[in-house]
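Student: I have a model open and would like to talk through its side-chain packing. Could you take me through it?

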Amino acid sequence: MLKQITVFLENKPGRLEGVTGCFAEGGVNLHALSIADTTDFGILRIIVSEPTQAAAMLKEKGYMVKLNNVVAVAIGHSPGSLHKVVQTLRELDISIEYMYSLTSRHNDHDVIVIFRFDNQEDVEKKLADNGITVLSELGGVEK
C-alpha cells in the first residue's frame, strides 16, 4: 500500500501555494493530487516522494494533516480497462470510498488509479489474485 497525505485547507487564496511551497522548500516531489471542495474547506489528497517527512513538515506549519493507506492500480489504454477493475471490486464485495487517477510514463501501463477502500485489508492481494496490476510504489514513493 502507498501512503497518501490528506490536508484540510481553508477555501482562501494562497492556502494551496503554502502546501506546494512547503514541498518545494523541503525537496519533496509531488506524484499525484486531488482536490475536493466544500463550502468552507478543501480536501487535498496527495502522494509524494517522502510522505512521512512531508506530513511532519505540513504539521509544523499548522496544517491539519492525516496519513492514509491507498492502493495504486495500473490501467491499460484500452476500452474496458477501468471497468475490469471496478467489476472485480464488485465481485469481491469491496466498496470504493474514493478514487482519482494520474497518467503514467511507464511502458506497461498508461494510467494509474489511486483507490481508498472502506476496508483496506488484503485488497492488494485480492486484486492481484484476480489479474489486476497493483503497484507498490510510484517513482520512489514510500510504502
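Student: Gladly starting with a charge over a ring: which residue lies over the face of Tyr98?
Tutor: Keep in mind that this is a predicted model, where local features need pLDDT of at least 70, side-chain atom pairs count only at pLDDT 80 or more, and totals for chains, interfaces and linings use all residues. Residues are numbered from 1 along each chain as its sequence is written, and side-chain values use heavy atoms, with hydrogens and water left out. A charge sits over a ring if NZ of Lys or CZ of Arg is within 6 Å of the ring centre and within 35 degrees of the ring normal. At 3.6 Å from the ring centre of Tyr98, the residue is Arg45.

Student: Thanks! How are Phe8 and Phe41 arranged as an aromatic pair?
Tutor: Rings of Phe, Tyr and Trp (its six-membered ring) pair if their centres lie within 6.5 Å; planes under 30 degrees apart count as stacked, over 60 as edge-to-face and the rest as tilted. Here the centres are 6.2 Å apart with 65° between the planes, so the pair of Phe8 and Phe41 is edge-to-face.

Student: Is Phe115 buried or exposed?
Tutor: Buried means under 20% relative accessible area, exposed over 50%, and partly exposed in between (1.4 Å probe, protein chains only). Phe115 has 0% relative accessibility, so the class is buried.

Student: How many residues of strand β6 are buried?
Tutor: Strands (E, at least two residues) and helices (H or I, at least four) are DSSP runs, numbered from the N terminus. Strand β6 covers residues 111-117 and is largely enclosed by the rest of the structure. The number of its seven residues that are buried is six.

Student: How many bridges join strand β5 to β6?
Tutor: Two strands pair if DSSP finds at least two bridges between them. Strand β5 (residues 96-103) runs antiparallel to β6, and Met99 has Phe115 as its bridge partner there. The bridges joining β5 to β6 number seven.
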